Amino acid sequence: MVSFDISIAAGSSAGFVSTLLVYPLDFVRTKIQAGAVAQKPPTTMEIVRPLLSRPHLFYTGLSIPLAAQVVYKSTIFTTVSLLQSHVGNHPFLNGCIAGGVNALFFVTPTEYIRSNIIVHGSTLSSFRRISVLAMYRGAYWSVLRDVFGCGGFFSASSLISENFPSLPPSARGAFAGVAFWTLALPLDSVKTLVQTGKDRGAVYDIFRKNPGRLFNSWGVAYARGIPGAASTIAVYEYVSDWLEGERRRSERNS
């Protein structure tokens, strides 16, 4: 088991790198999801084309999720590590618990802010007048998304590791990313709609009449999820192995 402090450092590093790498795709995915209630939902190119001349806009709302990733990934990996030590090696169950804890305490308010900055052009100062409780709008869907998504993520990673031990961590992470978004995408779409204040009736109509719209962002989700998860696991294992090696060398020299 990776030690507590090393898990925090490695998880924080992994979250930081993966967020910088794939945030523009997160931006596009959120825009597509928020447009699902429109009479004619926007296509990926309709969102991307106007921004090509101003590429910095793809990083709108980056600061909050980038800072939060220090907490996000370290919480998930550390919780899974602790559960493996005290409960046993149950990748799906451990991933579900870690994802749920992380979503409940950290992910929901952060993504509420990020989604409203992207969709409505809100500024950080505008959230000072909003109560913490209000930022938990969509918590139910956020927790469900990360419970099933993280369960799938760690199950896939464990399965690939056991059956294809020679594959590099990045390849294992790519499969884990596919598993996450396969389970999480429709729940993530509902979460975005709820957090950005879409009418409950309109959201219900999507379930009843156009459930396929919850998958409108699938191409962007996988394009984001595969490299994001690959870099997450690769960086996490690289940093944790390096820090563990440094600790052992220090102990031998002391």
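Buried residues have under 20% relative accessible area, exposed ones over 50%, and partly exposed ones fall in between (1.4 Å probe, protein chains only). By that scale R248 is partly exposed, with a relative accessible area of 48%. This is a predicted model, in which local features need pLDDT of at least 70, side-chain atom pairs count only at pLDDT 80 or more, and totals for chains, interfaces and linings use all residues. Residues are numbered from 1 along each chain as its sequence is written, and side-chain values use heavy atoms, with hydrogens and water left out.

**Salt bridges**

- The whole structure holds 13 salt bridges (a side-chain nitrogen of Lys or Arg within 4 Å of a carboxyl oxygen of Asp or Glu).
- D5 and R247 pair at 2.4 Å, N to O. D5 sits in helix α1 and R247 in helix α8, so the bridge ties together parts 242 residues apart in sequence. Helices here are DSSP runs (H or I, at least four residues), numbered from the N terminus.
- D5 is partly exposed at 40% relative accessible area, and R247 is partly exposed at 28%.
- R145 bridges to E111, with the closest N and O atoms 3.0 Å apart. R145 is in helix α5 and E111 in helix α4, so this pair joins parts 34 residues apart in sequence.
- R145 is buried at 4% relative accessibility, and E111 is buried at 10%.
- E244 and R248 meet at 3.6 Å, N to O. They are four residues apart in helix α8, about one helical turn.
- A salt-bridge network links D26, R29, E111, R145, D146, D188, K191 and R224.

**Cavity**

- There is one cavity of 30 Å³ or more. On a 1 Å grid over the protein atoms alone, a cavity is a set of points where a 1.4 Å probe fits but cannot get out; a pocket is an open set with protein on both sides within 12 Å along at least five of seven lines; lining residues have an atom within 4 Å of a point.
- The largest cavity has a volume of about 510 Å³, the volume being the space filled by probe spheres set on the points.
- Its lining has 29 residues, with Q69, K73, F180, W181 and R224 nearest the centre.
- Helix α3 gives the largest share of this lining, six residues.

- The largest pocket has a volume of about 570 Å³. Of its 21 lining residues, V80, Q84, R172, Y236 and E237 are closest to the centre.
- Elements giving two or more residues to the pocket lining are α3 (63-86), α5 (139-163) and α8 (218-253).
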